[in-house]
Amino acid sequence: MPEQIQRRKLYQEVLDRLLERIRSGEIPPGAHLPSERELMEFYGVGRPAVREALQALERSGIVEITHGERALVVIPTAGRLIEQLAGGARHLLHSQPDMLAHLKDARVFLEVGMARMAAERATEEDIARLRERLAEHRASVGKVDEFLQRDMALHREIARISGNPIFPAILEALFGWAIEYYHPFVRAPGAEQVTLAEHARLVDAIATRDPQAAEFAIREHLTRANALYRQLDPSSSA
């Protein structure tokens, strides 16, 4: 069977050419793209094609567009890349609630690995910061929103200790996507003290450079939270 050549929209041609100029370094991170009018003249296309190409670059996190200014090529980061997925992920969770279970599984998988790496790599300074986060968490008991923020801060610290910049970015996205589902955990009777005890065991395991104990502590902590979620959420299956 002959393979048909797909017709491409004009903006896609403009997009490809701009991408090539950015990737080659002709327009480096931190530099502005030419103005819309200059791009129209350079490529011999109309304004709609240029604007659609610029919008595609913005959706991909390659440029930032501010009203009245030329598009700016941004420095790519893991956080910026993950953030591009945020809107779609939130929509997915709301339109398909069963995806939350998959999200929680992904978090367990990620954080188990991060806890092991933290136990293997933590410096004395890292451990001191972890103990500070734990103390701040303990001091926030009774303040639901602050307690949740301090909880996440401790997990962020562990992600940072792993040394892989992708991990904190993914963890931040997981928190952002599912933050509304975590509040019931904090409000459950006795949940704060249980969480603090679990976090203390986790920090101790990292401080003693025991990867296996760190893995057990984080897995037990997150599994308990998942079980609590099923208990509190009447829509969850047994």
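Figure 1. Apart from neighbours within four places in sequence, Arg 224 is in contact (heavy atoms within 4.5 Å) with Val 194, Thr 195 and Glu 198. The model is predicted, so local features need pLDDT of at least 70 and side-chain atom pairs count only at pLDDT 80 or more, whereas totals for chains, interfaces and linings use all residues. Residues are numbered from 1 along each chain as its sequence is written, and side-chain values use heavy atoms, with hydrogens and water left out. Arg 224 lies in helix α11 (residues 211–232); helices (H or I, at least four residues) and strands (E, at least two) are DSSP runs numbered from the N terminus. With a relative accessible area of 23%, Arg 224 is partly exposed; buried means under 20%, exposed over 50% and partly exposed in between (1.4 Å probe, protein chains only).

**Figure 2. Surroundings of Glu 198.** Glu 198 is placed in helix α10. Its relative accessibility is 4%, and Glu 198 therefore counts as buried. When neighbours within four places in sequence are set aside, Glu 198 is in contact with Glu 220, His 221 and Arg 224. The C-alpha atoms of Arg 224 and Glu 198 are 9.8 Å apart, while 26 residues separate the two in sequence.

**Figure 3. Arg 209 in the loop between α10 and α11.** Arg 209 is located in the loop between α10 and α11. Its phi is near 55 degrees, a positive value in a residue other than glycine. Most residues other than glycine have a negative phi. Arg 209 is partly exposed, because its relative accessible area is 35%.

**Figure 4. Packing of helix α8 against helix α10.** Helix α8 (residues 144–161) and helix α10 (residues 191–207) pack at an angle of about 15 degrees, and their axes are 12 Å apart. The axes are lines fitted to C-alpha atoms, for helices over the stretch in contact, and angles run from 0 to 180 degrees between N-to-C directions. This angle makes α8 roughly parallel to α10; angles under 35 degrees count as roughly parallel, over 145 as roughly antiparallel, 65 to 115 as roughly perpendicular and the rest as oblique. The crossing of α8 and α10 is left-handed, a term used if the near helix is turned anticlockwise from the far one by less than a right angle, and right-handed if clockwise. On the α8 side, Phe 147, Asp 151, Leu 154, His 155 and Ile 158 meet Glu 192, Thr 195, Leu 196, His 199, Leu 202, Val 203 and Ile 206 of α10. The contact of α8 with α10 comprises seven nonpolar, three polar and two charged residues; Ala, Val, Leu, Ile, Met, Phe, Trp, Tyr, Cys and Pro count as nonpolar, Asp, Glu, Lys and Arg as charged, and the others, Gly among them, as polar.

**Figure 5. Helix α8, its buried residues and its end.** The 18 residues of α8 reach 26 Å from the first C-alpha to the last, close to the 26 Å expected at 1.5 Å a residue; the expected span is 1.5 Å times one less than the number of residues. Buried residues of α8 are Phe 147, Leu 148, Asp 151, Met 152, Ala 153, Leu 154, His 155, Glu 157, Ile 158, Ala 159 and Ile 161. Gly 163 follows α8 and has a positive phi, near 85 degrees.

**Figure 6. Packing of helix α6 against helix α8.** Helix α6 (residues 99–121) packs with α8 at an angle of about 60 degrees, and their axes are 8 Å apart. The two helices, α6 and α8, are therefore oblique to each other, and their crossing is left-handed. Arg 107, Glu 111, Met 114, Ala 115, Ala 118 and Arg 121 of α6 make the contact with His 155, Ile 158, Ala 159 and Ile 161 of α8. In the contact of α6 with α8, six residues are nonpolar, one is polar and three are charged.

**Figure 7. Packing of helix α1 against helix α3.** Helix α1 (residues 10–23) and helix α3 (residues 47–59) have axes 8 Å apart and pack at an angle of about 55 degrees. That angle makes α1 oblique to α3. The crossing of α1 and α3 is right-handed. The contact is formed by Leu 10, Tyr 11, Val 14, Leu 15, Leu 18, Leu 19 and Ile 22 of α1 together with Ala 49, Glu 52, Ala 53, Leu 54, Ala 56 and Leu 57 of α3. Of the residues in the contact of α1 with α3, 12 are nonpolar, none is polar and one is charged.
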